[in-house]
Structures are given as structure tokens and as C-alpha cells.
Amino acid sequence: MNTTTLAAGFGDMTSTTLTSAGLAIGIALLAVEHITWWRSGGGAATAGKKGGGPVEGGGKAKDPKALIPIWSGIAFGTLMVACPAGLLGYGAGILRWGGNGFGGLIMSWMTGQDAATIANAAAPRIDANGALVVTVLVIVLFMLRKKFPKTARGKFGKGVLVGVLVAIGTGVFAIVGNMLVPGVNGFGAWCIGAIVNTDVGSLV
């Protein structure tokens, strides 16, 4: 069995294992969301006219903002994988284990083949500065959870699962983790420097 090791190029790493079955689950969820989005807009939509009949060609433009919930979830799932421990880190492990396991059952039933480990990925790790940002984000999301439409919450949840399964472990998605996690760490460092350690007297 061939195993591809993906290194993120950072000193402190968290490790994660992805199987071909887990990858299949992640890609399937991502594909369904984007196909649904693509088919929900564009094309020949109908618009009313004086006689009440349809007018072709009045298609509604696809709104990229409709993809914000799914991609926000992917980003959050990526940050979960980057947590070395804690509820988020362990939660990411449980979701990944479930995705690998459930996908493995489907793959075995459908194809007769067992899932193979395709990536032992190394993910940039959230540091103390990034932990500040992630903690604030979790608190804000929890307190505002009822303010978001149910549909958006569902898409966000799917995005989290996609992020946990594929956002760091495979090819193009590794770029997401390699940009997002250091960016969050840097933003946390900036917040601490600007809010906590700035000499207020020098600003007045």
C-alpha cells in the first residue's frame, strides 16, 4: 500500500491520517453543496410578464455569498484539525475517524475494496496567539448560533466535516491550511500586541 506523506513546512505540527474513504466522503459533501448552488441559480429562469406567462432568459445570477456558510465551515474544520488537543482537536479526530469509518463501509459494500491510507498529513499547529482567535470565534459562534438561519447552520456543519476530512490532508486543500493557520496565529499575535501590550500613553 502506497502512503503519501504531506509536510506543511512548519516546525510545530499536528498529525492526521486520511483514508481514501474519508476523502470520498469529504469530496462528495463538497460536490453536493456546489452542484446544488450551481443549479439553484443561472440558466433559463422564469419571470412574469403581462400575460402571466413565463419569460425565458431572466435567469438569476449565482450568488457567491451563498457559499459563505460551507466555506466558513471548511475554514473552521481546518482550525479544528490544527488544534493539538482540547475539545476542538479531539472533536476533529472523532469526526475524521467517523468519516473514514463510514466511508470505508460504503466503499467496501459498493466496490469490495478496503479503504487505503492516502495521506499522513502534517498540519500547521495553532499556537497560543492563534488559540486566542479560535476561542473568541467559538464563543461568538456559540452565542450567535440562533441568529443564523437553519439552512446556513446545516451548510456550516457540512463544511466543518469537509474541512476536518480533507482541508489539510490533500493537495490543493493543504494550501488552505498552510495559509489559514499561520494567518490566524499572526492575527492573534497582532491582537495581543495592539490591544494588550501597546503603550496607551504613546498614542495620545
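## Salt bridges and helices in a predicted model

H34 is found in helix α1. This is a predicted model, in which local features need pLDDT of at least 70 and side-chain atom pairs count only at pLDDT 80 or more, while totals for chains, interfaces and linings use all residues. Residues are numbered from 1 along each chain as its sequence is written, and side-chain values use heavy atoms, with hydrogens and water left out.

Let's stay with H34 for a moment. At 22% relative accessibility, H34 counts as partly exposed. Buried means under 20% relative accessible area, exposed means over 50%, and partly exposed is in between (1.4 Å probe, protein chains only). The areas come from the Shrake-Rupley method with a 1.4 Å probe, and for residues only the protein chains shown count as cover. H34 and A66 are 32 residues apart in sequence, and their C-alpha atoms are 9.8 Å apart in space.

Now for the chain as a whole. The protein chain has six helices and five strands. Helices (H or I, at least four residues) and strands (E, at least two) are DSSP runs, numbered from the N terminus. Along the sequence, the pattern reads β-β-α-β-β-α-α-β-α-α-α. Of the 204 residues in the protein chain, 33% are buried.

How many salt bridges does a search of the whole structure find? The search finds three salt bridges. A salt bridge here is a side-chain nitrogen of Lys or Arg within 4 Å of a carboxyl oxygen of Asp or Glu. The pairs are listed below.

| K155 | E33 | 2.9 Å |

E33, K155 and K158 are linked in a network of salt bridges. Take the salt bridge of E33 with K155, whose closest N and O atoms are 2.9 Å apart. E33 lies in helix α1 (residues 20-40) and K155 in helix α5, so this pair ties together parts that are 122 residues apart in sequence.

Is E33 buried or exposed? E33 is buried, because its relative accessible area is 6%. K155, at 22% relative accessibility, counts as partly exposed, and K158 counts as partly exposed at 37%.

R145, K146, K150 and R153 form a positive surface patch. Patches are made of residues with over 30% relative accessible area and no salt bridge, with like charges joined within 9 Å and nonpolar side chains (Val, Leu, Ile, Met, Phe, Trp, Tyr) within 5 Å. Lys and Arg count as positive and Asp and Glu as negative, while His and the chain ends are not counted. The place of a charge is taken as NZ of Lys, CZ of Arg, CG of Asp or CD of Glu.

Finally, helix α2 (residues 68-82) has 15 residues and reaches 21 Å from its first C-alpha to its last, close to the 21 Å expected at 1.5 Å a residue. The expected span is 1.5 Å times one less than the number of residues. Helix α2 is mostly covered, with eleven of its 15 residues buried. Among them are P69, I70, F76 and L79.
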